[in-house]
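Subject: Structure handover

Hi,

Here is the structure I promised you. Please open it first, then read my notes below.

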Amino acid sequence: MTQRPFTLSALAFVGAGLSLGAQAQSTVTVFGVMDAAVRQTSNTGVATNRSVASGSNSTSRLGFRGTEDLGGGLAASFHLEHGLLLDSGTAASSTQFWDRRATVSLSSKTLGEVRLGRDFVPTYVNWGRYDPFSYVGVASSSILVANSQTGPIRAAFSTNPNTTVRANSGVQYLLPNDLGGLEGGVMLAPTGGGTLANGANKVIGARLGWANKTFGVAAAATTTENSLTTAGKFKDVNVGGFYDFSVVRLTAAWRRFDYDTSTQTNWLVGATMPLGSGTLKFSWNQASLEGKVGTTTLPDNGARVLGLGYVYDFSKRTAAYATVSQVSNDSKSTFVAPGGTSGMAAGGSSRGLEFGVRHNF
Amino acid sequence: MTQRPFTLSALAFVGAGLSLGAQAQSTVTVFGVMDAAVRQTSNTGVATNRSVASGSNSTSRLGFRGTEDLGGGLAASFHLEHGLLLDSGTAASSTQFWDRRATVSLSSKTLGEVRLGRDFVPTYVNWGRYDPFSYVGVASSSILVANSQTGPIRAAFSTNPNTTVRANSGVQYLLPNDLGGLEGGVMLAPTGGGTLANGANKVIGARLGWANKTFGVAAAATTTENSLTTAGKFKDVNVGGFYDFSVVRLTAAWRRFDYDTSTQTNWLVGATMPLGSGTLKFSWNQASLEGKVGTTTLPDNGARVLGLGYVYDFSKRTAAYATVSQVSNDSKSTFVAPGGTSGMAAGGSSRGLEFGVRHNF
Amino acid sequence: MTQRPFTLSALAFVGAGLSLGAQAQSTVTVFGVMDAAVRQTSNTGVATNRSVASGSNSTSRLGFRGTEDLGGGLAASFHLEHGLLLDSGTAASSTQFWDRRATVSLSSKTLGEVRLGRDFVPTYVNWGRYDPFSYVGVASSSILVANSQTGPIRAAFSTNPNTTVRANSGVQYLLPNDLGGLEGGVMLAPTGGGTLANGANKVIGARLGWANKTFGVAAAATTTENSLTTAGKFKDVNVGGFYDFSVVRLTAAWRRFDYDTSTQTNWLVGATMPLGSGTLKFSWNQASLEGKVGTTTLPDNGARVLGLGYVYDFSKRTAAYATVSQVSNDSKSTFVAPGGTSGMAAGGSSRGLEFGVRHNF
């Protein structure tokens, strides 16, 4: 029976909620990731800090998802996903419990999917997949994206949640799977009222790409308007691709954020190599800033992140991992690896090291 | 195997928690509703607002419930239900995660059920079932109940959570199912200390009705005392009924809220008609206010809501729906459909329109 | 099929998350406790209060846990546990949703377990198991531990969460099960940055004991440093044991908290007796304080709690229970049973009474 676990999963939950017509094929699945690591972060000029970190290989989470086959190639589905911190037992977001995703969809095998709710923006979909460190941990490409440095992101969102990863109130159309490798979608999200702190952004985005097993390339763009973007739209565009040489899989991506007179340009180069019972990972990230925010000129505000890691797979679901990283700043910037003591002076460097365990279920 | 999903559901969870005696029959079920819609709300004199709304056909939720057969007709059961907003991934209540229900019960097939915990008050049980729009969405009867207008509800609760729908700390006795159509129960809820903002209300309520497949009628009353009700009890009484003519099912209900010298009277008339692969729904709601709150005289503070909707059933669990509504105010009142821009002047009207998808699991 | 529920539980969830290698044996379990009671608490000189209380026999909770057999005696596992209040539907902790436990582990049958995340501290593991009332309800030994009285706990943590029960960011090593009755473990938790209100404590603790079915004894010690412990470490040591005479099972434990110049010493004696279809429970708790906190001298700040209860088992999973307790204070202290009206004068006494239902799933 172990060869057909998914079928049983489907049947096991069918009784929930409502009695079910004979034709309905249904699955509801509880899933998640539990990931914790011991971390050490050293920032120039301040004390080294040791901590227990959550989600350094893959964000710790608990989710519920399900699909109902409506017949004729049509399906209804939902996806609820909650991020959590294993070190403290807290929700990853203090206000948005289902911060990672909350969507309901109608989809057709031939026509594609209409999806409503909170989800990734197209530019993040097109960025996260090229980061060998999955946008988490001490070598994450997020170090140079979602941060509090002066630049277009901070200018357009201040310290409120930004749309570089996700947006509320998305209305999405996603292409069907069987288009010979073509993939993509569009997202429209109305402001909907409320405050920027609660995610009131008007978002328009799209993504288009092509991929097979060995090669893929895609481009995406997202624009955001909110109560702070009085000088025009916040623009987020990127292009990325991968090539799998079997001995090594290479990825590269370029992303630019624009707002008013400021620009931030990020580069990401990644490599993953099968090695022993696991995978060796490498990434190089760079952020360059140009223009001005208010009276602050941005050149000399860039940074670079080098990351190296190894993931040892105990099984398809469980792994141990080690990651080391180095963040180097231009003379005016203070990007740091997560988990360090605050107070590093501009131009300093930051080193991160972590050993952890990740378990999928 | 699809014919017996519930049995499998039962077995699938049995291992949880404790080892189990041979006689125990147990079920634990994960259930929920995922419902999202595109909404447009137009209030007189202010800009039309478009948004993505959660739960316009049925409140989006995730729940866990279970029953254990204790033998001899006795059973233990529990019900935990969390309301959520699909548009933002937030909990429906920022303070009460299991806002919809949190109860544990002992029940007997012949003697009825004792239920402890947070649950609907008897007057809501007797109101919500007569609203074709299930107390949610742009045509919801809640527009004229749980609102911030001047009247007995606002006078007795200010902007704190009120007891027009649910109460904390309920001790309930519910009649057994097999009384030839007779149904009902009583609820006692002690204040229990704490603050009104945290639900400290003393509630006494009861409901009694009779129903079969084609006809039913019931009456209920709930009284509430809290730290604001210094002028006596807040009283909530109602009567409702339905008649199913097969081609159309009609419902009607009357509800009155009293506090101090003010009274609010609500009327609800609803109709649902099978049409094609779905259901056509219509409702008319009216609220009239009388008396005074402080120095404010309440006549001319009433309103009316007309609602029309169609629910297309893809299956027993999944539907698409469209709803349109119009809210008309008396000269001094500002009742509005949900989702609009704030700031409508007194006496204005509000129009709501929404298209959505609802999936039960 | 009811004889093998756990196997089915395992299979039913296997499909979640990832496809699964043929050798993997996996279980994921949804589990919980739903417990509510009617409570009356009478404190000297203030009005008696009646309330509906959650978790008076066993804390109401919902959890998810799982294990994956990695082969060769190695296993990966996780445990997520959320405390909740059935009376109001709120989370037990407003900030830490998974307040009871959030851990991921790698374990070996012969070498033991490494566990990362939020969990019990060793001294609580060694205390809670000797309390017949499981540290909850009107007769709980917690009345004399986690409270707001003047003493070493308050001095070291003020009103922030303390480490007398749990700690964030734990790195634990736990002995394997098959050591002929020997049991224990060590916990290290780095401060990790952040604030004391968010659990930033540096914790070092250990526990060692020996037990079989009829007799056991164990000792534990935990030290905590945080932003308030400027006068040295907060120390928490205890010793406890049990003896099962079959007609009665006796437990006894001693615990001392030290900080700066103040000391609190707690004693616990418990007895549980099978009686009819249930269990009779008795406990006596005493707290004595010595030394000074600031200019307050602590003698005359102690208290005693007597508790008597009966748990009637409907099944292995469901029970009804009744508990009565009396808290007696020294001339300067104000320890009280939970649920009473505030404002009791120093030296008063407090009586608690509760009747409830507890259902495990």
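The largest nonpolar core has 63 residues. Those that touch the most other members are Leu62(A), Phe64(A), Leu62(B), Phe64(B), Leu62(C) and Phe64(C). A nonpolar core here is a set of buried Ala, Val, Leu, Ile, Met, Phe, Trp, Tyr and Cys residues joined through side-chain atoms within 4.5 Å. Buried means under 20% relative accessible area, exposed over 50%, and partly exposed in between (1.4 Å probe, protein chains only). In soluble globular proteins, nonpolar side chains tend to be buried together.

Before going on, two notes on conventions. This is a predicted model: local features need pLDDT of at least 70, side-chain atom pairs count only at pLDDT 80 or more, and totals for chains, interfaces and linings use all residues. Residues are numbered from 1 along each chain as its sequence is written, chains are lettered from A and ligands numbered from 1 in the order in which they are written, and side-chain values use heavy atoms, with hydrogens and water left out.

Phe64(B) touches residues of chains A, B and C, among them Phe64(A), Phe78(B), Trp98(B), Leu62(C) and Phe64(C). Contact means heavy atoms within 4.5 Å. Residues up to four places away in sequence are not counted for Phe64(B).

Next, the cavities. The whole structure has 6 of 30 Å³ or more. Of its 14 lining residues, Phe97(B), Trp98(B), Leu62(C), Phe97(C) and Trp98(C) are closest to the centre. Strand β3 (61–71) supplies at least two lining residues from each of chains A, B and C. The lining has 12 nonpolar, 2 polar and no charged residues.

The terms, once:
- A cavity is a set of points on a 1 Å grid over the protein atoms alone where a 1.4 Å probe fits but cannot get out; lining residues have an atom within 4 Å of a point.
- Grid points are joined across faces, edges and corners, and a volume is the space filled by probe spheres set on the points.
- Ala, Val, Leu, Ile, Met, Phe, Trp, Tyr, Cys and Pro count as nonpolar, Asp, Glu, Lys and Arg as charged, and the others, Gly among them, as polar.
- Helices (H or I, at least four residues) and strands (E, at least two) are DSSP runs, numbered from the N terminus.

Now His82(A). It lies in strand β4 (residues 74–85) of chain A. His82(A) counts as buried because its relative accessibility is 0%. Its side chain reaches the backbone oxygen of Phe97(A) at 2.9 Å. A polar contact, also of 2.9 Å, joins the side chains of His82(A) and Trp98(C). Such a contact is a pair of N or O atoms within 3.5 Å; within protein, one must be able to donate a hydrogen and the other to accept it, and residues adjacent in sequence count only if both atoms are side-chain atoms.

Asn43(B) is in strand β1 (residues 25–43) of chain B. At 5% relative accessibility, Asn43(B) is buried. Asn43(B) and Ser349(B) are 306 residues apart in sequence, yet 5.9 Å apart C-alpha to C-alpha.

Last, two residues other than glycine with positive phi. Asp300(B) has phi near 75° and is partly exposed at 41%. Tyr135(C) has phi near 65° and is buried at 10%. Tyr135(C) sits in the loop between α2 (122–128) and α3 (152–157) of chain C.

Best wishes

Notes: 1 Å grid on protein atoms, 1.4 Å probe; cavity = no way out; pocket = protein on both sides within 12 Å on 5 of 7 lines; lining within 4 Å.
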